Amino acid sequence: SGMPMEVEAVAPKIVLVPVATIGCGKTTMGHALSKLFGFAHVQSDNIRSKNQGKGLFNKAVIEALDVNDLVFADRNNHIRVMRQSLTNAVYAEHPGCYQVALYWAHNKASVEHILETTGERVNKRGEDHQSLVASLPNVCQIMEHFVGGFAPVDIDTDADQLFHNVIELDPLADAETTLVTIIDGLCNAYPQIIRRPGNDEIQAALQAALDYKPDVLYS
Ligand code: GDP
Ligand code: MG
């Protein structure tokens, strides 16, 4: 028999799973976290809407996770079966990974207040989106539809008990507060994997993220 195998402790991979609605700041956080920690940023909005029903997003997240330790699964995941389908598919291929919900808790404010704040952001974003541009005549209805269908994270449900951790966020908070809350949550839960960057580094990453423009456009 050969030499005893040296078993190296490999840090688990992390997948961040937003639970949010349109304009909460998912993509902004994805860019900032990608810059700060090297999260691979998989955007549902980079997959044409007619292909969305085919499990391509789940597949893209898994493929990103095959070659990256950190993945940001950028989709609203506001419906429980939607996030359950993602988390189950990911665990099937990467059983040891940590799937962490970034939970934009919609019970922190009224529906009207949330829609007012996120609507202003989407309006200001204007044409800088793959498909949901501010000039769409039904953009308000689409946003209302997402907020209306939003299922809060509830770790007593089959879907949400799959999360290794839940980081709670406020849809009305500014992007800096949200980013720092995510970083602190990750540093506290996974200090071996995520180290806190300096404040200057955080500011620079946030500015670059807020200046981001999409690189594909769908009509
Ligand atoms: P998503 O739909 O959840 O991906 O939201 P985005 O990340 O695209 O954010 C919507 C728009 O709001 C973008 O143009 C962002 O640059 C902007 N944004 C994000 N967070 C904030 C914020 O805290 N304050 C303001 N004023 N704008 C923000
Ligand atoms: Mg987005």
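# Briefing: fold, aromatic pairs and selected residues

The protein has 7 helices and 5 strands. Helices (H or I, at least four residues) and strands (E, at least two) are DSSP runs, numbered from the N terminus. The order from the N terminus is β-α-β-α-β-α-β-α-α-β-α-α. The radius of gyration is 18 Å, close to the 17 Å that the globule rule gives for 219 residues, so the protein is as compact as a globular protein of that length. That radius is taken over C-alpha atoms, and the globule rule is 2.2 Å times the number of residues to the power 0.38.

This is a predicted model: local features need pLDDT of at least 70, side-chain atom pairs count only at pLDDT 80 or more, and totals for chains, interfaces and linings use all residues. Residues are numbered from 1 along each chain as its sequence is written, chains are lettered from A and ligands numbered from 1 in the order in which they are written, and side-chain values use heavy atoms, with hydrogens and water left out.

**Overall dimensions and surface**

- Along the principal axes, the C-alpha atoms fill a box of roughly 70 × 40 × 35 Å.
- Of the 219 residues, 45% count as buried. Buried means under 20% relative accessible area, exposed over 50%, and partly exposed in between (1.4 Å probe, protein chains only).
- The protein exposes about 11,500 Å², and carbon and sulfur atoms supply 50% of that area. Accessible areas come from the Shrake-Rupley method with a 1.4 Å probe; for residues, only the protein chains shown count as cover.
- Among contacts between residues at least 6 apart in sequence, 77% join residues at least 24 apart. Contact means heavy atoms within 4.5 Å.

**Charges**

- There are 17 positive and 27 negative charges, and their mean positions are 5 Å apart.
- Lys and Arg count as positive and Asp and Glu as negative, while His and the chain ends are not counted. Each charge is placed at NZ of Lys, CZ of Arg, CG of Asp or CD of Glu.

**Aromatic pairs**

- The whole structure holds 3 aromatic pairs. Rings of Phe, Tyr and Trp (its six-membered ring) pair if their centres lie within 6.5 Å; planes under 30 degrees apart count as stacked, over 60 as edge-to-face and the rest as tilted.
- Phe37 and Phe39 have ring centres 6.3 Å apart and planes at 85 degrees, so this pair is edge-to-face. Both Phe37 and Phe39 are buried.
- Tyr103 and Phe150 are stacked, with 6.3 Å centre to centre and 5 degrees between the planes.
- Tyr103 is buried at 6% relative accessibility. Phe150 is buried at 11%.

**Selected residues**

- Asn77 lies in the loop between β3 (70-74) and α3 (80-93). Its phi is positive, about 50 degrees, although Asn77 is not a glycine. Most residues other than glycine have a negative phi. Asn77 is buried, with a relative accessible area of 0%.
- Val90 belongs to helix α3. Val90 is buried, also with a relative accessible area of 0%. Leaving aside neighbours within four places in sequence, Val90 contacts Val15, Val61, Ile62, Leu65, Cys97 and Gln99.
- Thr181 is in helix α6 (residues 175-189). Thr181 is partly exposed, at 30% relative accessible area. Not counting residues up to four places away in sequence, Thr181 touches Ile167, Glu168 and Leu169.
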